[in-house]
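Please follow the account below with the sequence and the model at hand.

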Amino acid sequence: MHPSHAKRALVTAVVAALLAPASSAPAAAAASAKPVSRLAGAQSVRRDLPEPPPADVVRKELGELTVAAPHPMTGYSRSKFPHWITQYGTCDTREVVLARDGQGVIQDEQCRAISGTWYSAYDGKVSTRPSTEVDIDHVVPLANGWRSGADEWATAKRRQFANDLTNPQLIAVSASSNQQKGDQSPDQWAPPLRSYWCTYARAWTHVKYVYELNITEPEKSKLDEMLDTCPA
């Protein structure tokens, strides 16, 4: 071998040996990292609750709802609306909604959200601690559903109502706004952000329409007022 070629080969071998530990370190670290599972698309696409029908459709639905006095709370218990149920694997309804409504959501191997950012459409708050700052709200609260006719349902239908990912019934919001809302109807509580009234009224009305739940006269009047905020 020509002396210059031998020298070049020796230098190449030394450089390769020096770089080998550094280049293999990230791979070793990745191999030992705790596994993380993610919902497909949850990191880049923010979908929020399923889109309710447009205002003109919802107004027709509102007109078809039965106006009646609230049913008594006799016998009510949240346990009669089983939640949160497993949706797939180790993911329950709460974790599915957290991943759906958040941005940059990362879940651990048990499907629990461990990081991410959540914007609350009710009050505009931004949260980064899902375990303490974010609640999954039933747009039509379970107790309101009970007073509106769910007291006559079988448990299977109440389970569906409490875990409904198809209709606009579940949304991730700030824990404080969810606590302020409680089980109140729109005439008793409305989102502090008036800009969300249109979506909220459309969602509330559509859920009641889908499940054939009753409304009260004050509730209907407030929903009409909130739907008036929708763009013409």
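In this predicted model, helices H8 and H9 pack with an angle of about 135° between them and with their axes 8 Å apart. Roughly antiparallel would require an angle over 145°, and H8 and H9 are therefore oblique to each other. Their crossing is left-handed. On the H8 side, the contact is formed by Trp 197, Cys 198, Tyr 200, Ala 201, Arg 202, Trp 204, Thr 205 and Lys 208, which meet Glu 219, Lys 222, Leu 223, Glu 225, Met 226 and Leu 227 of H9. By class, eight residues of this contact are nonpolar, one is polar and five are charged.

Helix H2, which spans residues 55–64, also packs against H8, residues 197–210. Here the angle is about 45° and the axes are 9 Å apart. H2 and H8 are therefore oblique to each other as well, and the crossing of H2 and H8 is left-handed. From H2, the residues Ala 55, Val 58, Glu 61, Leu 62 and Glu 64 take part; from H8, their partners are Ala 201, Arg 202, Thr 205, His 206 and Tyr 209. This contact divides into five nonpolar, two polar and three charged residues.

The remaining pairing to consider is that of H2 with H9, the helix of residues 217–227. Their angle is about 170°, and their axes lie 11 Å apart. That value is over 145°, which makes H2 roughly antiparallel to H9. Val 58, Arg 59 and Leu 62 of H2 meet Lys 220, Leu 223, Asp 224 and Leu 227 of H9. The contact of H2 with H9 comprises four nonpolar and three charged residues, with no polar ones.

How much space lies in the largest pocket? The volume is about 200 Å³. Among the 14 residues of its lining, Arg 78, Asp 137, His 138, Asn 178 and Gly 182 are the closest to the centre. Two elements give two or more residues to this lining, namely strand E7 (134–138) and helix H5 (142–147). E7 supplies the largest share, four residues. The lining as a whole has six nonpolar, three polar and five charged residues.

Which peptide bond is cis, with omega near 0°? It is the bond from His 83 to Trp 84. Trp 84 is placed in the loop between H2 and strand E2, residues 86–88.

Conventions. Residues numbered from 1 in each chain as written. Predicted model: local features only at pLDDT ≥ 70, side-chain atom pairs only at ≥ 80, totals over all residues. Heavy atoms only, no water. Axes fitted to C-alpha atoms, helices over the stretch in contact; angles between N-to-C directions. Parallel < 35°, antiparallel > 145°, perpendicular 65-115°, else oblique. Left-handed = near helix turned anticlockwise from the far one by under 90°. Contact = heavy atoms within 4.5 Å. Nonpolar A, V, L, I, M, F, W, Y, C, P; charged D, E, K, R; others polar. 1 Å grid on protein atoms, 1.4 Å probe; cavity = no way out; pocket = protein on both sides within 12 Å on 5 of 7 lines; lining within 4 Å. Points joined across faces, edges and corners; volume = space filled by probe spheres on them.
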